[in-house]
Amino acid sequence: MTESERRTHGPAAGPLVVSDTNPRYFAVASGDAAGRAVYLVGSHIWNNLHDGMGPGAACADVVEAFDFDAYLDFLEERSHNFIRLWRWEQFRSQAAGGDFHLCMTPQPWARTGPGKARDGNPKFDLDRFDRSFFDRLRERAIAAGDRGIYVGVMFFDGWALHLSPAPDHVEGHPFHAANNVNGIEIGSILDHQVLPLAPRVEAIQEAYIRHVVDTVHDLPNILWEVANESSGGGTVDAAFVEALGQTGAPEWGDSTEWQYWVIDVVKRHERERGYMPHPIGMTMQFPVSEQTNVNDPLYESRADWISPGYDDEIFADGGHPMAPGSPQSHWLEDPPAADGRKVVITDTDHYAPGRGDALWAWKSFLRGHHPILMDFGLIGGVNPPDPSAGGPMSFDAFEPARWAMGDTTAYAERMNLIEMQPRSDLASTGFALAHPGEEYLVLQPGAASDPFTVVLEPGTYAVEWFSVEGRETTTVNDMTVENPEQRSFSAPFATAGSTVLYLKGVEDERGHDGNPPRGI
């Protein structure tokens, strides 16, 4: 896509609600765009809210700043419209086995002292907020919204509290006894994200939640997320525990009821203050007692949207899709169709971190989901000195998935998406969104030369083809279907690769202007 072909967006319309017409999608709640379906895609990385991430286990002498303006340029160029805005709770921690430090600042609470925390800086006063954190949150949400980008504000992070390397997973947290002046002391995730909480911990959390809501409630582009990968009542094997630098059989508890409590606090606060409500989401928990049931607490929650995790039968007795040589989760390769119980923001973070390609984006879209990418290619920034460095985790390695997410957005905006449903039964390839008799969008994930069939209703259709890898669009002559029938199609592209067929119903010759629909 050339610079001149990039689509421009106005400010993000909102607030969003779950569509009554098609609850697989959000809809704009009010204003000129009221009722319009909204489809979300985007790349995200751990430090898009905080500063302080870099290579090596030790914190840097000079805090590494995240270039948020460049990040917005990067997203806009690729037609992304959603940011999962990460909350990282530790001011000193590590990830990827200690290959990276996450010494995140600012935090929500003021560092006033007296006394020094474990990083040598003043202790936190958990009764006083740090205005710079909340100012940054609001400024970044506004900047994103001005470019048509929605922001998922994450309240908490569970992953780093129990799954990042010891001892900083707890000792690097403001709620550790050595790090605050308030006498608050957590020893594990049990004390922070599993009910019942100590009354003072619960009160501090609720005050923080309310202050976040107060800070950005008036912005139309906001969504909420409770927490990233908090515990779900399961256990892990000894080798996993040892890799984390922990010992024995740690008890991490089940955060489900705590997450439900956070949802209730947010919804109640919005209601009591008369704020416009924003959709709130719940994401995969880890570990859980029954992996095949990992998504049940999400669907059973009062959340408006969810990000599921891997629930494949092949992992029922252990293992996971991130292990070397492991089979991939069906969420990556053959996702289930969204059934409308919840809006599904399908995030590779929860079933295929470090993976994701163009076909993943298209398959997710055509099954009624909103694909977002855990984009490890951004660890070195959006303008790395060598985009190819890092092999499968390089900046370049994730480009096909990034561009494909934007390409799906182009079609979502052209179609009457609110009427489209995943209809695997209509296409021999198994991947189709359709409003029968009006519009069909079909993916051929195999070679362009492989024929496939689509069951069509009577009508005249404009015909457009799109090359997934080549990102090339071509139109051919309109086609007319006299009776309900199965039609065979073959892509017109000379090059190999996956293709997309778009059929759009047109008026008869008296009303049709003869012009093909615009390309991407």
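At what angle do the axes of H6 and helix H8 (residues 256-273) cross, and within what distance do they come? The legends below take up this and other views of a predicted model.

**Figure 1. Packing of helices H6 and H8 in the predicted model.** The axes of H6 and H8 cross at roughly 50° and come within 10 Å. The crossing of the two helices is right-handed. On the H6 side the contact is made by Glu-202, Gln-205, Glu-206, Ile-209, Arg-210, Val-213 and Asp-214. H8 contributes Trp-258, Trp-261, Val-262, Val-265, Val-266, Arg-268, His-269, Glu-270, Glu-272 and Arg-273. By class, the residues of the contact of H6 with H8 are seven nonpolar, two polar and eight charged.

**Figure 2. Packing of helices H2 and H6.** Helix H2 covers residues 131-146 and helix H6 covers residues 199-216. Their axes lie 9 Å apart, and the helices pack at an angle of about 40°. H2 and H6 are therefore oblique to each other, since angles under 35 degrees would count as roughly parallel. The crossing of H2 and H6 is right-handed. Phe-133, Phe-134, Leu-137 and Arg-138 of H2 make the contact with Tyr-208, His-211, Val-212, Thr-215 and Val-216 of H6. Six nonpolar, two polar and one charged residues form the contact of H2 with H6.

**Figure 3. Packing of helices H11 and H12.** Helix H11 spans residues 358-366 and helix H12 spans residues 399-414. The two pack at an angle of about 30°, and their axes are 7 Å apart. With angles under 35 degrees counting as roughly parallel, H11 and H12 are therefore roughly parallel to each other. Their crossing is right-handed. From H11, the contact is made by Ala-358, Trp-360, Ala-361, Trp-362 and Phe-365. From H12, the residues are Pro-400, Ala-401, Ala-404, Met-405, Asp-407, Thr-408, Tyr-411 and Ala-412. The contact of H11 with H12 has 11 nonpolar residues, one polar and one charged.

Figure 4. The relative accessibility of Ala-160 is 0%, so Ala-160 counts as buried. Beyond its neighbours within four places in sequence, Ala-160 is in contact with Trp-88, Gln-90 and His-169. Glu-89 lies 71 residues from Ala-160 along the chain, and the C-alpha atoms of Ala-160 and Glu-89 are separated by 7.9 Å.

**Figure 5. The whole protein, as context for the close-up views.** The protein has 12 helices and 24 strands. Its C-alpha trace spans about 80 × 50 × 45 Å along the principal axes. A compact globule of 520 residues would have a radius of gyration near 24 Å, and the protein agrees with this because its own value is 24 Å. Of the 520 residues, 56% count as buried. Among contacts with a separation of 6 or more, 69% are between residues 24 or more positions apart.

Notes:
Residues numbered from 1 in each chain as written. Predicted model: local features only at pLDDT ≥ 70, side-chain atom pairs only at ≥ 80, totals over all residues. Heavy atoms only, no water. Axes fitted to C-alpha atoms, helices over the stretch in contact; angles between N-to-C directions. Helix = DSSP H or I, 4+ residues; strand = E, 2+ residues; numbered from the N terminus. Parallel < 35°, antiparallel > 145°, perpendicular 65-115°, else oblique. Left-handed = near helix turned anticlockwise from the far one by under 90°. Contact = heavy atoms within 4.5 Å. Nonpolar A, V, L, I, M, F, W, Y, C, P; charged D, E, K, R; others polar. Rg over C-alpha atoms; globule rule 2.2 N^0.38 Å. Buried < 20%, exposed > 50% of the residue type's maximum accessible area, 1.4 Å probe, protein only.
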